[in-house]
Amino acid sequence: LLQEILHSKMFFIGKSKLAEALDSSSGIPTDVTFKVQDGKGGVQEIKGHKYFLALVSDVFKTRFFGSLKETSDILDIQGSTPQAFEAMINFIYHKDCQWNKNSAEELFEIANVAEMYDIAGLMLEVKRAVRRIPVTLSNVAELAHTAEQFSMFPTISTSLLRSCVNFLFSFGHTQVLDFSGLIFSPHHESIVLKLHNHLIEKPLPWCSSCKTWLVFDELHCCGFPLPPNLRHVSCLRPRHPLCPECIQCSVHYVDDKEEREDKKDFLWKY
């Protein structure tokens with residue numbers, strides 16, 4: 001037990017110091033500099049530590065210590081923006097990534113770099129951040145358009161598109177929805193038409209207990225997949241029995257067959 005306590009304490013101290021490691025005053029000099037083009041002719045330099053980055057990403061490990069390793073400590077980065085690459089480095093070093101300040105497009109750029117460097121934890125955080133993007137009548141078309149532009153990341157783009165559809169469904173249930181009023185730019189026209197068609201085809205059931213429409217989701221906000229052949233039902237927010245944040249919450253599932261047989265009243269599965 002003492003060893004477990006000491007190990008836990010040492011790990012906690014080490015983790016808390018990681019965010020400070022990039023500061024020049026930490027006394028731990030960096031040994032690699034990444035140069036990222038900003039798309040405007042400028043270059044942003046981002047520093048790191050080879051050994052630590054190699055422990056987190058096999059891509060970094062190969063680049064730093066593989067058979068064809070880099071011979072320079074200054075590396076040019078292609079296929080990423082400075083903001084996205086810096087967000088990845090901040091995530092690795094447990095610095096505050098300020099997810100709520102990122103736009104949807106910026107979050108997809110971070111998803112791109114997370115995929116490039118095979119950092120699953122970062123991709124999961126991006127998914128969570130995308131789910132927290134507030135959807136309004138003034139931005140729903142632009143968000144859906146962004147989701148369509150980044151369809152190469154299907155899990156995240158589908159999640160964002162679903163948020164847009166769910167918002168419109170909830171809004172249209174209580175008020176008359178004029179889809180023409182959602183168009184603020186010519187490139188919104190096609191996506192608004194798709195939202196309209198998707199909304200008509202979307203069969204959301206009515207919960208007789210909560211007196212509200214239920215929203216289905218194939219993936220919980222924490223990233224845990226749902227059991228096969230079951231779809232999640234929640235009137236408040238997605239929950240999953242394996243999620244530390246939801247472990248004390250009740251979990252409800254409804255079988256697809258039962259749903260088809262009865263659209264009004266649900267046989268809840270606990």
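Gln98 counts as partly exposed, at 36% relative accessibility (buried means under 20% relative accessible area, exposed over 50%, and partly exposed in between, with a 1.4 Å probe and protein chains only). Gln98 lies in the loop between helix H4 (82-92) and H5, and has a positive phi of about 50 degrees although it is not a glycine.

Before going on, a word on the model: it is predicted, so local features need pLDDT of at least 70 and side-chain atom pairs count only at pLDDT 80 or more, while totals for chains, interfaces and linings use all residues. Residues are numbered from 1 along each chain as its sequence is written, and side-chain values use heavy atoms, with hydrogens and water left out.

**The overall picture**

The protein has 10 helices and 8 strands; these are DSSP runs numbered from the N terminus, with helices being H or I of at least four residues and strands E of at least two. Of its 270 residues, 37% count as buried. Contact here means heavy atoms within 4.5 Å. Among contacts with a separation of 6 or more, 54% come from residues 24 or more positions apart.

Asp118 sits in the loop between H5 and helix H6 (120-131). At 51% relative accessibility, Asp118 counts as exposed.

**How H5 meets H7**

Two packed helices are described by the angle between their axes and the distance between the axes. Helix H5 (residues 104-116) and helix H7 (residues 140-149) pack at an angle of about 20 degrees, with axes 10 Å apart. That angle makes H5 roughly parallel to H7. The axes are lines fitted to C-alpha atoms, for helices over the stretch in contact, and angles run from 0 to 180 degrees between N-to-C directions. Angles under 35 degrees count as roughly parallel, over 145 as roughly antiparallel, 65 to 115 as roughly perpendicular, and the rest as oblique.

The crossing of H5 and H7 is right-handed, a term used if the near helix is turned clockwise from the far one by less than a right angle, with anticlockwise giving left-handed. From H5 the contact draws on Ala104, Glu105 and Phe108, and from H7 on Leu143, Thr146 and Ala147. These divide into 4 nonpolar, 1 polar and 1 charged (Ala, Val, Leu, Ile, Met, Phe, Trp, Tyr, Cys and Pro count as nonpolar, Asp, Glu, Lys and Arg as charged, and the others, Gly among them, as polar).

Ala144 belongs to helix H7. Leaving out residues up to four places away in sequence, Ala144 touches Leu161, Cys164, Ile191 and Leu195. Ala144 and Ser163 are 19 residues apart in sequence, and their C-alpha atoms are 8.9 Å apart in space.

Ser157 is found in helix H8 (residues 154-174). Beyond its neighbours within four places in sequence, Ser157 is in contact with Phe108, Ala147, Phe150 and Ser151. Two of these names, Phe108 and Ala147, also take part in the contact of H5 with H7.

| Residue | Relative accessible area |
|---|---|
| Ala144 | 1% |
| Ser157 | 6% |
| Cys97 | 15% |
| Cys164 | 0% |

As for the cysteines, the structure holds 0 disulfides, a disulfide being a pair of cysteine sulfur atoms within 2.5 Å.
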